[in-house]
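Student: I have the sequence and the model open side by side, and I'd like to go through a few parts of it with you.
Tutor: Good, let us take it piece by piece; just ask as you go.

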Amino acid sequence: MNDFEELLTVCRQHLAARDIEALADPLACVAGKIGGYHRGGGLFAQVEELPEADRRRLLDLLTARHLAGEDNQPFLDGLFKLVLRLARGLGDDALTATRAGHFDRYAALHSVAIFDGLADLVEDERAAGRPVPADVVAVVRRTALTAYTPGRMAGLAAVLTEPALDVGEAWSDTALADAAELGPPWSALLRHAATATAARPTAGWNAQGSALLDRLGADTARTRITGWLALVGRPRTLPYRGRGYAQVAQDDLYDPYNANALRGLAWLLALLPPHPDTARALGRLVETSLRKVPGIGPRHPKVANAAVLALSRIEDEAALAELARLAARVTFKGTLKQLDTALGARAAALGMSREEVEELAVPAYGLTEVGRLPHEHGELAVTGGKAVLTWRTPAGKAVKSPPAALKREQPELITELKAAAKDIDKMLRAQTERLDRQFLARRTWPYAAWRARYLDHPLLGTLARRLLWTVDGRACGWARGALRTLTDEELGTVAEDAAVELWHPVGQEPAEVAGWRDWLERHAVTQPFKQAHREVYPLTDAERATGTYSNRFAGHVLRQYPFHALAAVRGWRDPLRLAVDDDFPPATRELPRWGLRAEYWVEGVEEDVSESGAFVWLATDQVRFYRAGAAENVAHAHVGRYGPVRGQEPAEPVPLAEVPPLVLSEVLRDVDLFVGVASVGNDPEWQDGGPEGRFRTYWQSYGFGELSQTALARRDLLARLVPRLAIAERCSVEGRFLHVRGDRHTYKIHLGSGNILRTPDGRYLCIVPKAAPGTPAVGYLPFEGDRTLAIVLSKAMMLARDTEITDPAVLSQL
């Protein structure tokens, strides 16, 4: 006789003796083991035949056992089913607390196993005419959408129509509350939105959505929907308590049922008359949905794609501007492809090139002149690459916030100006990145079109007037209200069809490059990215010797996730390398205008893998070039030797001497940037060499070794900056270091990594910079965007006054 049969025997003995007190515990164990309904040799049927008084006593004992709880959901499911059987005919009052307590155990789960008892319990509740708790409905819906074989859960999810959305997310809770307050048509709108499960809406879906929107009113519907979308991405109001079967329940991911509703709401916005708030809300939804969750990836690309589709169907400037902005910022391949398709379709409809549409899509955001929108209460101006709002009273006095009378009489003006400032900042970041990538695009413009789209454009002019251009073969920049040459002469009259392109230092005489750097300083021009100070990477003797590959950036150890993210921003295709039995291509940048493809060969470092199965670090190798369309190289995840796909002939690499100097320089500059940002040698906390000290030698060689081209350019700039610093008498640039004399010690800050050594003992000083350090006030800087320069200057400012340091972590090392 096994244990279960012994339990049955014990139960029958107590049942025969009518010993209810003794029967309760073994009966609960039987119920927990068999799920409450099946098998048991008719034991449960006998229990149901007990006199009412005995049934009530047994019910009290079993519900107390249930409420006491155990961390064993199947056991509790079975026990609860038995409780429900005993309660038949006895009224519901005795089970109110038990039912609530049992469902509470499900409330914060993401999903359940398909063989879990939840389906039985929900069906019992519905059969008894009782509503299923909203948080349990959400579990059923999530299980139906994520389980490999949803089984009965799919059918239950189809009939559980209330509430219209899953509770537990800030936006859905607000939407449900609004619908409860405003009436049934709003709930009908939410239910319709939740049916958006296809890749794009059908004509019938749109027709039904339009009818619902007509009942609500366009302006009212837009205000409510955009308000809900503004809450997407906020922390869950009902955090998940545990993990469901075969799912990773991450609080940062969208509820899958609500994600369908988000897609539907995006499509519904496209059915309303165009409005700037609509485009703004959809653009934000794209970015929020593509925000990466560690170990998983983008939150929900399908929602992002739905928002892009909605933007593509809105015929107005604001929507086109969002598409253009997102195309310059988005790196997720699927959504970027959809953006390219949308912009390509718009370009074809207008009879223009894709590039022209992107340029014409940039709005002025109300600016009435380049970088300025003066109004009677102050000014909105673009200063230092950012939109700045200033205010003044009717008497003309400058104030930090909008005057009280303006807040009272024209609050909508304040709202519009603040929204415009945020939009300007987003667009400036996107356009800066787009322009920085134009060197390899071989983009040229007719002079008249360039002036209209760039130089005199109210927004893009704030970037174009800080860059150098070649106009009709003459290099020039903007200063004192005109285009001027290196000698400060006005450029004069230019033919409308004269060619314009971005100036690049490759191929220029050193004296001319130095001259333009002086020119920028003389006119106090801070460039939005490095141009005159841009690093140049000419072919070296070592590369002439190797012929077809460069080892200039081989032998580094990079953190894979920062490398992967930065590669995408710079236009490279880089698969996340997983520790699996599969092949991966190298990091690749297509160069269609040059008929080339660049490859950077990297491989996973075997020893360390993240929870998601991705290599934590990568080892770097060669940079190569191939003809566009040539067979791609691949390497096995655990081997790392690159070669052709099995069965294909290997492609011949292009000799580096045949690669155009501009292409070689820009590609190697990208790779230098990857190493400079992602190298473990930049981590000040890795002085021990990382895990088990495996990378100590590399960390020392990178953190204090020879300077890269980027670091050499930084050294040249610092040599010019140091004399202007308030701490100039305590600083000097020597070799690879910025030397700083404090009162306690003298320090050496490496100009490549930002790492610090004390002198003369050479002791390492660990100072961890902030995530996004601001550049200290050092006066004029010729360009923006060098994070390491900001770190070096910040550390120098602090160490020059080392007796004023209060941080315990730093003080303990001094």
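Student: Which exposed residues are carried on the face of H1 turned away from its buried side?
Tutor: Bearing in mind that this is a predicted model, the exposed residues on that face of H1 are Asp3, Gln13 and Ala16.

Student: And which residues in H1 are buried?
Tutor: Phe4, Leu7, Leu8, Cys11 and Leu15 are buried in H1. Seen down the axis of H1, these buried residues fall within an arc of 100 degrees, so they line one face of the helix.

Student: What span should H1 have, and how far apart are its ends?
Tutor: Helix H1 covers residues 3-16, and at 1.5 Å a residue its 14 residues should span 20 Å, which agrees with its end C-alpha atoms being 20 Å apart. H1 is followed by Arg18, which has a positive phi, near 55 degrees.

Student: Changing topic, is Arg142 buried or exposed?
Tutor: Arg142, which has its place in helix H8 (residues 134-146), is buried, with a relative accessible area of 1%.

Student: Now the sheets. What is the order of the open sheet of 4 strands?
Tutor: The order is S3-S4-S5-S6, and the pairing is antiparallel. Strand S3 (372-375) and strand S6 (398-399) are the edge strands, each pairing on one side only. Between them, strand S4 (residues 378-383) pairs with strand S5 (residues 386-392) over 6 bridges, and Gly378 stands opposite Trp391 in S5.

Student: Which helix lies across S3, S4 and S5?
Tutor: That is helix H21 (residues 411-436), which runs at about 160 degrees to S5.

Student: How many strands form the sheet that has S20 in it?
Tutor: That open sheet is formed by 5 strands in the order S20-S21-S22-S23-S24, again with antiparallel pairing. Its edge strands are S20 (731-734) and S24 (764-765), each of which pairs on one side only.

Student: What is the bridge partner of Ile749 in S23?
Tutor: The partner is Ile756, and the two strands concerned, S22 (residues 746-750) and S23 (residues 756-759), pair in the antiparallel sense over 4 bridges. Helix H28 (residues 696-704) lies across strand S21 (737-741), S22, S23 and S24, and runs at about 100 degrees to S22.

Technical notes
Residues numbered from 1 in each chain as written. Predicted model: local features only at pLDDT ≥ 70, side-chain atom pairs only at ≥ 80, totals over all residues. Heavy atoms only, no water. Pairing = 2+ DSSP bridges. Contact = heavy atoms within 4.5 Å. Axes fitted to C-alpha atoms, helices over the stretch in contact; angles between N-to-C directions. Buried < 20%, exposed > 50% of the residue type's maximum accessible area, 1.4 Å probe, protein only. Expected span 1.5 Å × (residues − 1). Arc of directions from axis to C-beta.
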